[in-house]
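Me: I would like to go through a protein model feature by feature. Please give the general idea each time, then the case at hand.

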Amino acid sequence: MKKLTILLLIAVLAIGGLTTAMAAEPVVVKFAAQGDSTPATQAVIDAFNAAQTAYKVEWVDMTNDSGAMREQLITTLKAGSSEYDVVSLDVVWAGEFAAAGYIQPLDMMMDEAGLKIEDYNAGSMASGSYAGKQYVMPFFPDLGMLYFRSDIVSEEDGAKLIAGDYTWADLQAMAEKYMGQVGAKDGFVFQSALYEGLVCNANEFTANWKDIKGGLEAMKAMIDDKTTPDNIMTYTEGETANSFVKGESVFARNWPYMWGMIKSEGTIKTDQVGIAPLPGGSTVGGWLLAINKNSENTEGAFEFIKFLNSEAGQIVMSQAYLPGFNAMLTNEDVVKNNELLSMEGFQNALKTTTARPVSAEYSKVSDALQQAIHGYLSGTGTVEDAVKGVETALAN
Ligand code: GLC
């Protein structure tokens with residue numbers, strides 16, 4: 001009898017020990033986010049995992065193609081899967097996810113944590129606000145801009161670029177003038193493959209669709225010209241960065257993270273690079289953080305979102321991305337980490353931002369725009385047909 005009691009006691013103690021050990025294991029929080037060509041996403045995840053013991057974020061590395069990522073996420077979320085806890089959403093389709101009920105409102109969690117909507121990037125917050133509720137917080141805001149080789153371009157031309165005092169035709173002429181110098185075999189690289197990036201670039205070439213014909217013709221002139229690589233029609237951000245960061249092009253249109261790439265893996269250095277606004281304005285982009293409606297780890301998911309938007313998280317992210325937490329725009333460490341913030345050309349780009357069309361069915365509008373524009377650029381349709389296609393897409 002006595003022996004049995006002792007055995008039972010040992011068993012109870014063992015089970016108790018096991019549960020304590022189990023409780024000490026961090027809860028895994030799955031973060032579905034696009035691939036990152038800079039070290040920032042992994043670094044912010046590592047920083048969160050090191051800062052506390054309750055949760056462990058694991059990155060589910062998704063595609064870099066915005067449209068394809070939207071489809072991947074919809075397939076999973078529509079099926080009611082709890083596979084992802086935190087999801088990264090492009091600003092252009094976040095509203096659709098909120099309306100479809102794939103993600104959950106953050107208002108109560110934000111309230112409890114004392115976080116206020118107005119303290120975060122307004123455009124990002126607005127893209128994930130639906131029916132009076134707030135469904136997202138920023139991952140990072142984005143804007144299109146021109147990178148140029150300040151060690152190749154003359155000071156006079158550089159000053160024109162930084163001031164935004166130039167046209168697409170001027171840029172094409174400069175590309176022709178400077179290409180081939182210091183090993184930069186190409187003049188200008190940008191995104192004209194058949195995907196979301198094409199819409200962003202066309203938004204800039206057409207000055208936010210105010211000059212559709214002129215803008216598309218300027219784009220085609222660049223493509224047909226010897227200043228761009230022969231396979232420019234397959235260029236996304238990846239090919240663009242690969243060319244510029246390796247010193248193979250004089251001018252490139254890309255998002256702010258390419259600055260981070262130059263710093264982390266550039267053949268060229270940042271002191272060889274200038275930043276300028278684009279002739280037709282800078283497309284606003286960016287990514288947002290939301291919680292899967294069916295997540296089984298809502299608390300951990302929000303803890304991670306909160307960390308990413310805290311001073312500590314933003315300092316880590318600022319090695320490659322712009323802060324979405326407004327107060328961090330003047331934070332000493334952030335400004336030191338991201339030189340873009342104190343560059344005149346970048347500040348000028350910030351003043352000329354424009355948005356892509358706003359629609360509840362954005363992906364349909366985007367597909368129609370991509371088809372119409374790509375057809376013309378690749379030589380299978382006339383500019384008149386392209387303009388008609390764009391106008392029809394914008395009217396929907
Ligand atoms: C960037 C932008 C995003 C845009 C995408 C297009 O990731 O942040 O908004 O849709 O590029 O390729």
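Reply: Start with burial: a residue counts as buried if its relative accessible area is under 20%, as exposed if over 50%, and as partly exposed in between. Keep in mind that this is a predicted model.

Me: Which residues of α9 are buried?

Reply: The buried residues of α9 are E196, G197, L198, V199, C200, N201, A202, N203, E204 and F205. That is 10 of the 10 residues of α9, so the helix is largely enclosed by the rest of the structure.

Me: How do I read the packing of two helices?

Reply: Two packed helices are described by the angle between their axes and the distance between the axes. Here helix α9 (residues 196-205) packs against helix α10 (residues 212-224) with the axes 8 Å apart and an angle of about 115°.

Me: How is that angle between α9 and α10 classed, and what is the hand of the crossing?

Reply: Angles of 65 to 115 degrees count as roughly perpendicular. α9 and α10 are therefore roughly perpendicular to each other. Their crossing is right-handed.

Me: Which residues meet where α9 packs on α10?

Reply: From α9 come L198, N201, A202 and F205, and they meet G215, A218, M219 and M222 in α10. An α-helix has 3.6 residues a turn, so residues three or four places apart point the same way.

Me: At what angle do the axes of α9 and α17 cross?

Reply: The axes of α9 and helix α17 (residues 362-377) cross at roughly 75° and come within 9 Å. That makes α9 roughly perpendicular to α17. On the α9 side the contact is made by E196, L198, V199 and A202; on the α17 side, by Y362, S366, L369, Q370, I373, H374 and L377.

Me: Where does A131 lie, and what is its phi?

Reply: A131 lies in the loop between β4 (129-130) and β5 (133-134). Its phi is positive, about 50°, although A131 is not a glycine. With a relative accessibility of 66%, A131 counts as exposed.

Me: And V182: is it buried or exposed?

Reply: V182 counts as exposed, at 58% relative accessibility. It is placed in the loop between α8 (168-178) and β8 (186-189). Phi of V182 is positive, near 45°, and the residue is not a glycine.

Me: How do I read a pair of aromatic rings?

Reply: A pair of aromatic rings is described by the distance of the centres and the angle of the planes. A search of the whole structure finds 15 aromatic pairs. One of them joins F188 and F190, with 5.0 Å from centre to centre and 25° between the planes, and is stacked. F188 and F190 are both buried.

Me: How are the rings of Y257 and Y321 arranged?

Reply: Y257 and Y321 form a tilted pair, with 45° between the planes and 6.0 Å centre to centre. This pair links distant parts of the chain, 64 residues apart: Y257 is in helix α12 (residues 257-265), while Y321 is in the loop between α14 (311-317) and α15 (332-337). Y257 and Y321 are both buried.

Me: Which residues are linked into a cluster by ring pairs?

Reply: The cluster consists of F31, F48, F139, F140, Y257, F304, F307 and Y321.

Me: Which charged residues sit over rings?

Reply: The charged end of K220 sits over the ring of Y376, 5.8 Å from the ring centre. R253 lies over the face of W255, at 4.3 Å from the centre of that ring.

Me: Is G389 buried, exposed or in between, and where is it found?

Reply: G389 is partly exposed, with a relative accessible area of 22%. It is found in helix α18 (residues 383-395). The C-alpha atoms of G389 and A368 are separated by 7.3 Å, and these residues are 21 residues apart along the chain.

Terms used:
Residues are numbered from 1 along each chain as its sequence is written. This is a predicted model: local features need pLDDT of at least 70, side-chain atom pairs count only at pLDDT 80 or more; totals for chains, interfaces and linings use all residues. Side-chain values use heavy atoms; hydrogens and water are left out. Rings of Phe, Tyr and Trp (its six-membered ring) pair if their centres lie within 6.5 Å; planes under 30 degrees apart count as stacked, over 60 as edge-to-face and the rest as tilted. Buried means under 20% relative accessible area, exposed over 50%, partly exposed in between (1.4 Å probe, protein chains only). Helices (H or I, at least four residues) and strands (E, at least two) are DSSP runs, numbered from the N terminus. A charge sits over a ring if NZ of Lys or CZ of Arg is within 6 Å of the ring centre and within 35 degrees of the ring normal. Axes are lines fitted to C-alpha atoms, for helices over the stretch in contact, and angles run from 0 to 180 degrees between N-to-C directions. Angles under 35 degrees count as roughly parallel, over 145 as roughly antiparallel, 65 to 115 as roughly perpendicular and the rest as oblique. A crossing is left-handed if the near helix is turned anticlockwise from the far one by less than a right angle, and right-handed if clockwise. Contact means heavy atoms within 4.5 Å.
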